[in-house]
Amino acid sequence: MDEWEVPLSLELAEAKENTPSPIGNWSCKNLECYMVLTEAEKTAIASICFLGGPLTLLENALVLGVIATTVTLRQRPSYLFIGSLALADIFASCFFTTSFLDFHLFHHSDGSTAYLFKLGGVTMAFTSSVGSLLLTALDRYLCIHRASSYRVLLTRHRALLSLLILWSTTIFISFLPVMGWRCHTVLNPPCSRLFPYISQSYLACWTSFIMVLLALILGAYGLVLWKAHRHESSMTSLQGAAGTGQARMRMDIRLARTFGLILLILVGCWLPVLSFMLADVSVLLTRNQQRAFAFCGTLCLLNSAVNPLLYALRCRELRMALLQLLQRMYKAGRCRKSIEDLTPGLSFAEDNNCTVLSEVEIPVTRTTQINTISEIVNNQQLNIRK
């Protein structure tokens, strides 16, 4: 008889985890019903956060530092949007990593206001990140669809104004639960099985808002590819099949590969999280689905880690500025070290023999490779006229 009791109890426990209980009977004390990870899953989550968090912070801080210290990059709207993306991802790496580990690993139970304030910081970071991606996509759309009037349409002042609107909107939306849009039943029973104190109506609205932003990003890149394909087809017909079209890969194919990679990573990182949130609004989630959502949440952190590689470090001008910044830092450190070795009592500012080239004094290396879509379009038009 004892041989049958252990398997039976295991089956009952597994069935209990996979079967959602009625929401009216599902109460929660000290947020224990949300702390569903096993010890092995906690180890995996901790490894992802401890590796991904500092890496994301370092990458985006480097990009933001290069843009902030380079005058020519600060004047261009495209790099202002990339800087906003880096800033949002810095916040995401800090807020998400600390809040996620504090809750799931250390089991710290905060009050409703403290928890919603921490969640608001995470929501603000990720919402601003997606919003900055949308501004970057719209910038590329204007660059190819309005190549001749791009500098007039998108000035630095308008770029800063759009960033101000973006961050103001995301901050307001993210902290609405702190202002009062929260679950009225608190934890008896909870409204959501993914986030304590969060109202299902707010969760549905925020999820819909992010999905609209993602749809606009997909639409903008789709229009860019359509315009590039039409332009390349017209250039091929004018220049002939034996012209430059065979000498190098077509512009629309190169853009399709680049944008395809960008959209694949974007959708792959955000679709699982948004799917769980929509499911939480419509159906009752099991404990296994709660654990799966915790791992899917780390995909958003992965997206913030990949963004600098996709949007910033692929730009040749930003890479050149980064190399110049590293050269200046290396020369400054070498000069300071040599001065301290020769004259320990002499400060660095008093030495006139060791100078470091400033940003203005360093010549900008000019290359023949074209950086932007508009330059590709204008260059081909000039070649036809010649």
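Biologist: Where do Lys-42 and Glu-39 lie, and how many residues apart are they?

Modeller: Both lie in helix 2 (residues 39-69), 3 residues apart, about one turn of the helix, where a helix is a DSSP run of H or I with at least four residues, numbered from the N terminus. This is a predicted model, in which local features need pLDDT of at least 70 and side-chain atom pairs count only at pLDDT 80 or more, while totals for chains, interfaces and linings use all residues. Residues are numbered from 1 along each chain as its sequence is written, and side-chain values use heavy atoms, with hydrogens and water left out.

Biologist: What makes Lys-42 and Glu-39 a salt bridge?

Modeller: A salt bridge needs a side-chain nitrogen of Lys or Arg within 4 Å of a carboxyl oxygen of Asp or Glu; the closest N and O atoms of Lys-42 and Glu-39 are 3.6 Å apart, so the pair qualifies.

Biologist: Why is Lys-42 called buried, and why does Glu-39 count as exposed?

Modeller: Buried means under 20% relative accessible area, exposed over 50%, and partly exposed in between, with a 1.4 Å probe and protein chains only. Lys-42 has a relative accessible area of 10% and is therefore buried, whereas Glu-39, at 58%, is therefore exposed.

Biologist: What makes Lys-118 and Asp-102 a salt bridge, and which helices does the pair link?

Modeller: Their side chains meet at 3.3 Å, N to O, so the pair meets the cut-off. This pair links distant parts of the chain, with Lys-118 in helix 5 and Asp-102 in helix 4, 16 residues apart. Lys-118, at 33%, is partly exposed, while Asp-102, at 17%, counts as buried.

Methods: Helices (H or I, at least four residues) and strands (E, at least two) are DSSP runs, numbered from the N terminus.
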